[in-house]
Amino acid sequence: MSYRFLDSGEGDMRVRRTRTHLKEALLQMVAERPVAKISVTELSERAEVNRKTFYLHYSGIGDMLLEIADDIVRTLAAKFTGELEADVYTLYQFLDTDEEGLKRLLTETDYVAFQERLYDGVFTHGAFEKITEESRYPDITAGYLHSVIGIFYSYMDRKNEATNLKKLARNATKLVLLGITGGGIG
């Protein structure tokens, strides 16, 4: 699944377009080097906007990364069905990106704030939100839900060709539900 910024339709078209250009430029640059080595001046030049324009929209690049995480959450939430396996599958399709900049943001330890913002946001929508609200132990349930991320990346590290994303989502869902219900431990 390719990621594109979800245009909320709110605000001035020029503002939305400028912010989108900046975000796309940042993702391109993250594919080339770590965010810590990207200056606002370079980013503005890549996006073909004035440096002052950048600061009209963002306080810094870190602020921009958090907005990108929020954009992704809105995009995914719009695709969630409310059924756990389907929502895990949608999340896995997104995580299985070929976009190098996004892949770095999702996997490298330099971007923990981005990842936490993204995953905390994702797990408050669709079936993830429903299962947490219905749980007697929401904190434990949230931990089990976050494990679906670890399951995905463990799969990617091994890239077991016998398992596709749909099957992985099914198995991850079973594990999460087994964990949440106590798995017969008694």
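**Helix packing in the predicted model**

Helices H8 and H9 are roughly antiparallel to each other, a class assigned to angles over 145 degrees, against under 35 for roughly parallel, 65 to 115 for roughly perpendicular and oblique for the rest. Their axes come within 8 Å and cross at roughly 150 degrees, where axes are lines fitted to C-alpha atoms, for helices over the stretch in contact, and angles run from 0 to 180 degrees between N-to-C directions. The crossing of H8 and H9 is right-handed, that is, the near helix is turned clockwise from the far one by less than a right angle. Phe128, Ile131 and Thr132 of H8 make the contact with Pro138, Thr141 and Leu145 of H9, contact being defined by heavy atoms within 4.5 Å. Helices are DSSP runs (H or I, at least four residues), numbered from the N terminus.

The model is predicted, and local features need pLDDT of at least 70, side-chain atom pairs count only at pLDDT 80 or more, and totals for chains, interfaces and linings use all residues. Residues are numbered from 1 along each chain as its sequence is written, and side-chain values use heavy atoms, with hydrogens and water left out.

The end C-alpha atoms of H9 are 31 Å apart, in agreement with the 30 Å that its 21 residues should span at 1.5 Å a residue; the expected span is 1.5 Å times one less than the number of residues. Buried residues of H9 are Thr141, Leu145, Val148, Ile149, Phe152, Tyr153 and Tyr155, where buried denotes under 20% relative accessible area, exposed over 50% and partly exposed in between (1.4 Å probe, protein chains only). Their cover includes H5, H6, H7, H8 and H10.

Helix H5 (residues 84-95) comprises 12 residues and reaches 16 Å from its first C-alpha to its last, close to the expected 16 Å. Within H5, Leu84, Asp87, Val88, Thr90, Leu91, Tyr92, Phe94 and Leu95 are buried. Among the elements covering these residues are helices H4 (61-79), H6 (100-107) and H10 (165-180). The N-terminal end of H5 is capped by Glu83, a side-chain oxygen of which lies 3.2 Å from the backbone nitrogen of Glu85.

Two residues of helix H1 were also examined. Thr18 lies in H1 (residues 13-32) and counts as buried because its relative accessibility is 17%. Apart from neighbours within four places in sequence, Thr18 is in contact with Val49, Thr53 and His57. Gln28, also found in H1, counts as partly exposed at 43% relative accessibility. Gln28 and Glu99 are 71 residues apart in sequence and 8.8 Å apart in space, C-alpha to C-alpha.

Technical notes: A polar contact is a pair of N or O atoms within 3.5 Å; within protein, one must be able to donate a hydrogen and the other to accept it, and residues adjacent in sequence count only if both atoms are side-chain atoms.
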